[in-house]
Amino acid sequence: MDFKQYHQPVLVQPLLNHFNLANDSIVFDGTMGFAGHAEAILSEYPSIRYIGFDKDLAAISIAKQRCARFSNVQIINAPFSSMFQHVNNVSVLPTHILLDLGVSSFQIDQSNRGFTFQKNEPLDMRMDTNANLTANQVLHDYSHDALVELFETQGDIRGPQKLVEKIISNRQKNKLQTTFDLVDCVKYGFFVRSRRQFIAMCTKVFQAIRIEVNGEMNELKEFLDHMLKYSGVIVAIITFQPNEDKYLKAFIKDHGLIRITKKPLQSSYQECKKNPRERTAKLRIFQIQ
Ligand SMILES: C[S@@+](CC[C@H](N)C(=O)[O-])C[C@H]1O[C@@H](n2cnc3c(N)ncnc32)[C@H](O)[C@@H]1O
């Protein structure tokens, strides 16, 4: 199987350059995904102990195949906010932690779970398909004000009122079941000058709902709070959204964590051209005091 076809990991070389790994490191990878970073790390440091976590069973199944040739890899189906609860089960403490936030290209393009506005799919958006909350429920059950707040805070969208009115009117007529139904609401909800602007709006709207469905901001906040107890551990976090990076930057400063990368590392123009996911990716590496 060509794993790269499903998901190209971002910022691999900057991560390898600045993560300060050694052959006896113990890595907890909170977002194992398709094991792209895992494979890159293990290929360079084959004796590292590698413990991966992912909410998505489909991702875990692929990651297991990809890592089958390494004997020191263990993968756990759990949210990364709970990774420290597994320390006893795996009998080791991490020396390094990696988080590559958000969804994988596979989840967007091929999971049929409504992460993309490019295909007509059910409004699901769950990374963990056993979780309760779906995008459909958010769009049908949240009040007008709750939806406005969601789009403003999670999606960084200014003036989402018209969009929310359309969502509410369409849901009352039972016309909000698929991703294309939601795209219709976006068409009505904003005045855009170009196809590019329209795609940018769709991206923000879909992202805001996905973040809500998967509790992504809370996951990050919970992880960071628990992490503080593990002094000496080196942590690398790749974010794709300004909100997440802003929160992380402030957290590192407020808690006096040691910045290994003084500024966030970003991909070159050439890399962004090859892999569009690189465009918004920012990597921060720091050490817990
Ligand atoms: C961007 S992909 C990671 C890709 C991976 N680094 C690679 O190179 O293949 C993010 C993955 O993290 C998982 N994920 C996102 N949030 C999570 C969370 N809070 N807990 C566990 N897994 C999570 C998603 O299901 C997805 O598989």
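**Terms and the values behind them**

Reader: Why is Met125 called buried?

Author: Met125 has 27 other C-beta atoms within 10 Å. A residue is buried if that number is 20 or more, so Met125 counts as buried. Bear in mind that this is a predicted model.

Reader: Where does Met125 lie, and what is its phi?

Author: Met125 lies in the loop between helix H5 (105–110) and H6. Phi of Met125 is near 70°, a positive value in a residue other than glycine. Most residues other than glycine have a negative phi.

Reader: Which residue other than glycine also has a phi near 55°?

Author: That is Asn20, where phi is positive. Asn20 lies in the loop between helix H1 (12–18) and strand S1 (26–29).

Reader: What makes Asn20 partly exposed?

Author: Asn20 has 13 other C-beta atoms within 10 Å. Exposed needs 12 or fewer and buried needs 20 or more. The value of 13 falls in between, so Asn20 is partly exposed.

Reader: What is Asn72 called, and why?

Author: Asn72 has 13 C-beta neighbours inside 10 Å, so Asn72 counts as partly exposed. Its place is in the loop between helix H3 (57–66) and strand S3 (73–77). Leaving aside neighbours within four places in sequence, Asn72 is in contact with Ser47, Ile48, Arg49 and Tyr50.

Reader: How far is Asn72 from Gln137?

Author: Their C-alpha atoms are separated by 40 Å, and the two residues are 65 residues apart along the chain.

Reader: How do you know whether Ile285 is buried or exposed?

Author: Ile285 has 23 other C-beta atoms within 10 Å. The cut-off for buried is 20 or more, so Ile285 is buried. Ile285 is found in strand S7.

Reader: What does Ile285 touch?

Author: Not counting residues up to four places away in sequence, Ile285 touches His18, Phe19, Ile234, Ala236, Ile260 and Thr261. Ile285 and Phe19 are 266 residues apart in sequence, but 7.0 Å apart in space, C-alpha to C-alpha.

Reader: What makes Ala281 buried, and where is Ala281 found?

Author: Ala281 has 24 C-beta neighbours inside 10 Å, so Ala281 counts as buried. Ala281 is found in the loop between helix H13 (269–274) and strand S7 (282–287). Beyond four places in sequence, Ala281 is in contact with Val10, Leu11, Ile238, Phe240, Gln266 and Ser267.

Reader: Which residues have the most contacts inside the largest nonpolar core?

Author: They are Met32, Ala38, Tyr50, Ala63, Ala236, Ile238 and Leu283, in a core of 41 residues. Strand S5 (residues 234–239) gives the largest share of this core, five residues. Apart from it lies another core, of 27 residues, among them Met125, Val164, Leu176 and Val213.

Reader: What does Leu283 touch?

Author: Leu283 touches Leu11, Pro14, Leu15, Ala236, Ile238, Thr261, Pro264 and Leu265, again not counting residues up to four places away in sequence.

Reader: How many residues surround the ligand, and which are the closest?

Author: There are 22, and the closest are Pro9, Thr31, Gly33, Gly36 and Asp100. By class, this shell has nine nonpolar, eight polar and five charged residues.

Note on methods
Residues are numbered from 1 along each chain as its sequence is written. This is a predicted model: local features need pLDDT of at least 70, side-chain atom pairs count only at pLDDT 80 or more; totals for chains, interfaces and linings use all residues. A residue is near a molecule or strand if its C-beta atom, placed from the backbone, lies within 6 Å of it. Ala, Val, Leu, Ile, Met, Phe, Trp, Tyr, Cys and Pro count as nonpolar, Asp, Glu, Lys and Arg as charged, and the others, Gly among them, as polar. A nonpolar core is a set of buried Ala, Val, Leu, Ile, Met, Phe, Trp, Tyr and Cys residues joined through C-beta atoms within 7 Å. Helices (H or I, at least four residues) and strands (E, at least two) are DSSP runs, numbered from the N terminus. Two residues are in contact if their C-beta atoms, placed from the backbone, lie within 7 Å.
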